[in-house]
Amino acid sequence: MKPYWRLTLRYRTALIITLFIWITGLLVGWICRSSFQALLLRQSDIDLTEDFDDFQQIIQQEELPFSSVKTEAWNRRVAIHPLHRLFIRIVDSEGKVIWESITAPSIPPTSANVDPQVVQVFGEYRIMQQSVELQRSPTDDGSEERPMVPGILQVGCSDYLVDMTIAQFDGWLISAVGPLFLGAPILAILLASWLLTPLTQLTETTQSIAIASEQLIDRSGNRDEIDALAETLNSLLVKVRSQLRENEDWIANSAHQLRAPLAAIISNVEVVAGRIPDGKSSDMLQRVLSECEYLKKLVNQLLLLSEAKADRHQLVRQEVAWNELIAKSSDFYEALASARDLHIRFRHNDRCVVSANPEHLRFVIHNLIDNAIKYTPTGGTIDVSLLRDDINKQSKLIIRDTGIGISEEDLPKIGRRFFRSNSGRDPSQTPRGTGLGLHIVQSIVEAAGGKMEIASMLGQGTEVRISLPTAATGSAIEASRSADDIHASEPLESSR
Ligand code: ATP
Ligand code: MG
């Protein structure tokens, strides 16, 4: 049983393409986001470095305590600074704040080292810091001494601006890439279908090729994998056809070899049977004769089958007026039907000319009417109609009976070699047959470019429809051999 999760090649390809689009999308998105973030941080660090150098110079020119005019100016400067939340803090050697801007965070970042070249990261803050020597203003006692106060200058900013810009970037990325993610499966199915188009075309072409024909698959000439596959299929077709031909020849030769001894046996048994008085031995001889007749029928049918299938016999075609063929034999079938107490009606007013082997056509008519007679109980009706469909350029032979019918289960098997239906039949009452008749009919009809359809209901009856393309009326297309030369011209058997 096919597991439910097993996907077709189209959907497997689509799945791989979808995953590829998704993974590539995620990867590209992640790379873009990371690069953009790194760029923003780098720019922020450059700005921070410039501000640090600036403030370092300013502060070293000032004296402690700083004047309120100065500190207000500094506060204004950091408040309007494009680097969001820039702050300045000056601490003494014991970590006590000497001065800090109003923008400074309430929890100060811990100082780790004072290397001015490095931007240090403390949680959400990025800061630069360095030791500075601050001058104290002259003392009131008039001494000239200006003590230096050691301290640390910190200039920093929070990551808030970078984070906000990245969040905006994320929003833009999602709105741009999101539809691509959602549409990826549809895109993938379309792409997979397009990729598999040559394979689909090859499948359709291969399906349309009849084994019986000489047709081969057209190669694209692209010298790609599909071309190689077509070539492989073509060589397989050639091998299968030659094998089939060998088998058909073998059957035909064997059947041919059997005909002569069989004819000799029959004529000898007939002679002996004529000389023996009625009794047990005579009955036995009649049974032998009956079996021989059955064998003869089988041999003839095998020959006809191989003929119908072999290409060389397709040359034995000519324009045949199908309606005339039926008209000629209708008397014979009427007599046969009335002997069985059956009503048979013929409707063949349309002139239907088809291109076929006339002997083969005779077999088609014979086997179908013979079947209808065999499988219709006494009192039943058989309708034989031949219609011409000028629109579709088809001739349709329809044989409908009110017989025992065929079961739904057996119907698809009808037409297979040697298949005989047993459903709904009393084996002791079932007329004897080979089970080859409909198979031969089908082969003949298909060889002539037509088709056979059967509809049936058990206990209700059967309808067999044979469609054949109508030929342009006129002279014979091709009649390389006379119909008399054909094996099939053996007198056709009536039903047993
Ligand atoms: P043969 O044609 O060699 O005498 P056959 O008639 O049994 O033998 P087919 O003509 O191939 O062989 O028919 C195959 C089977 O299809 C028959 O055995 C019969 O079961 C069924 N069948 C065919 N035609 C009819 C019909 N008109 N009504 C009911 N069953 C039918
Ligand atoms: Mg038959």
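Ser101 sits in the loop that runs from strand E3 (97–100) to strand E4 (120–122); helices (H or I, at least four residues) and strands (E, at least two) are DSSP runs numbered from the N terminus. The side chain of Ser101 makes a polar contact of 2.9 Å with the side chain of Thr103. Such a contact is a pair of N or O atoms within 3.5 Å; within protein, one atom must be able to donate a hydrogen and the other to accept it, and residues adjacent in sequence count only if both are side-chain atoms.

Residues are numbered from 1 along each chain as its sequence is written, while chains are lettered from A and ligands numbered from 1 in the order written. In this predicted model local features need pLDDT of at least 70 and side-chain atom pairs count only at pLDDT 80 or more, whereas totals for chains, interfaces and linings use all residues; side-chain values use heavy atoms, without hydrogens and water.

**Ligand 1.** The shell around ligand 1 holds 21 residues, and the closest are Lys297, Arg420, Arg425, Thr434 and Leu438 (a residue is near if one of its heavy atoms lies within 4 Å). By class, this shell has 10 polar, 6 nonpolar and 5 charged residues. At least two residues of the shell come from each of helix H5 (280–309), H7 and helix H8 (437–447). H7 contributes the most, with 3 residues. The table gives polar side-chain distances to ligand 1.

| Residue | Atom of ligand 1 | Distance |
|---|---|---|
| Thr434 | oxygen | 2.4 Å |
| Tyr375 | oxygen | 3.1 Å |
| Thr462 | nitrogen | 3.3 Å |

Ligand 1 taken alone exposes 590 Å², and the protein buries 98% of that.

Asn367 is buried, at 7% relative accessible area, and Asn371 is buried at 17%.

**Leu361.** Leu361 is also placed in helix H7. Its relative accessible area is 2%, which makes Leu361 buried.

**Cysteines.** The whole structure has 0 disulfides, a disulfide being a pair of cysteine sulfur atoms within 2.5 Å. Cys157 is buried, with a relative accessible area of 1%. Cys292 is buried too, at 8%.

**Positive phi.** Most residues other than glycine have a negative phi. Asp341, not a glycine, has a positive phi of about 60°. Asp341 is in the loop between helix H6 (322–339) and strand E8 (343–347), and at 49% relative accessibility Asp341 is partly exposed. Lys393, likewise not a glycine, has a positive phi of about 55°. The loop between strand E10 (381–389) and strand E11 (394–401) holds Lys393, which is exposed at 56% relative accessible area.

Definitions and conventions:
Buried means under 20% relative accessible area, exposed over 50%, partly exposed in between (1.4 Å probe, protein chains only). Accessible areas come from the Shrake-Rupley method with a 1.4 Å probe; for residues, only the protein chains shown count as cover. Ala, Val, Leu, Ile, Met, Phe, Trp, Tyr, Cys and Pro count as nonpolar, Asp, Glu, Lys and Arg as charged, and the others, Gly among them, as polar.
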